[in-house]
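The sequence and the coordinates are shown first.

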Amino acid sequence: KYFYEITFEKPGGLVMPLIVKYTYKDGTSEMITYPAQIWRKNDDEVQRTLATDKELAQVMVDPNMETADIDVSNNAWPQDKQMNKFDQFKNKMKSE
């Protein structure tokens, strides 16, 4: 068995459900929706424990962009190494 303790942070002020997609190394995934009441005891962060027979490969918060999340750069573990649009533009200008 694999045991994971995952901490989710809520930097914004809105209380919303927490929609999480867990993807495993074998390619399977599952979607879990934690209700908005999850933030009732701690408005800044919550922890969830996940016990599974499979090794976790990725955790993605709000994969279908269903909530009012403005900053999606912090929604994945491991974190995506994508450049923002400004850095992409800057690199393009340097190469020309």
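How many of the seven residues of strand 2 are buried? Six of them are, so strand 2 is largely enclosed by the rest of the structure. Here buried means under 20% relative accessible area, exposed means over 50%, and partly exposed lies in between (1.4 Å probe, protein chains only). Helices (H or I, at least four residues) and strands (E, at least two) are DSSP runs, numbered from the N terminus.

The model is a predicted one: local features need pLDDT of at least 70, side-chain atom pairs count only at pLDDT 80 or more, and totals for chains, interfaces and linings use all residues. Residues are numbered from 1 along each chain as its sequence is written, and side-chain values use heavy atoms, with hydrogens and water left out.

Two strands count as paired if DSSP finds at least two bridges between them. Strand 2 and strand 3 are joined in the antiparallel sense over six bridges; Val20 stands opposite Ile32, and Thr23 stands opposite Ser29. The hairpin of these two strands has four residues between them, and Gly27 there takes a positive phi near 95°. Towards strand 5, strand 2 pairs in the antiparallel sense over five bridges. Thr23 has Gln58 as its bridge partner in strand 5. Strand 5 and strand 6 in turn pair over two bridges, again in the antiparallel sense, and Met60 stands opposite Ala76 in strand 6.

In soluble globular proteins, nonpolar side chains tend to be buried together. The largest nonpolar core of this model has 15 residues, of which Ile6, Phe8, Leu18, Val20, Tyr22, Leu56 and Val59 touch the most other members. A nonpolar core is a set of buried Ala, Val, Leu, Ile, Met, Phe, Trp, Tyr and Cys residues joined through side-chain atoms within 4.5 Å. Strand 1, strand 2, strand 4 and strand 5 each supply at least two residues of this core, and strand 2 gives the most, with four residues.

Contact means heavy atoms within 4.5 Å. Arg48 is found in strand 4 (residues 45-52) and is partly exposed, with a relative accessible area of 31%. Beyond its neighbours within four places in sequence, Arg48 is in contact with Tyr4, Glu5, Ile6, Phe8, Tyr34 and Ile38. Arg48 and Gly12 are 36 residues apart in sequence and 19 Å apart in space, C-alpha to C-alpha.

The largest pocket has a volume of about 680 Å³. On a 1 Å grid over the protein atoms alone, a pocket is an open set of points with protein on both sides within 12 Å along at least five of seven lines, and lining residues have an atom within 4 Å of a point. Grid points are joined across faces, edges and corners, and a volume is the space filled by probe spheres set on the points. The lining comprises 26 residues, of which Glu9, Lys10, Pro11, Asp69 and Asn75 lie nearest the centre of the pocket. By class, this lining has 15 nonpolar, six polar and five charged residues; Ala, Val, Leu, Ile, Met, Phe, Trp, Tyr, Cys and Pro count as nonpolar, Asp, Glu, Lys and Arg as charged, and the others, Gly among them, as polar. Strand 1 (2-9), strand 2 (18-24), strand 5 (56-61) and strand 6 (76-77) each supply at least two residues of the lining, and the largest share, four residues, comes from strand 1.

In the loop between strand 5 and strand 6 lies Asp62, which has a positive phi of about 50° although it is not a glycine. Met65 is placed in the loop between strand 5 and strand 6, and its phi, near 50°, is also positive in a residue other than glycine. Asp62 is buried, at 6% relative accessible area, whereas Met65 is exposed, at 61%. A cis peptide bond joins Trp77 and Pro78, with omega about -5°; Pro78 lies in the loop between strand 6 and helix 1 (85-95).

Notes. 1 Å grid on protein atoms, 1.4 Å probe; cavity = no way out; pocket = protein on both sides within 12 Å on 5 of 7 lines; lining within 4 Å.
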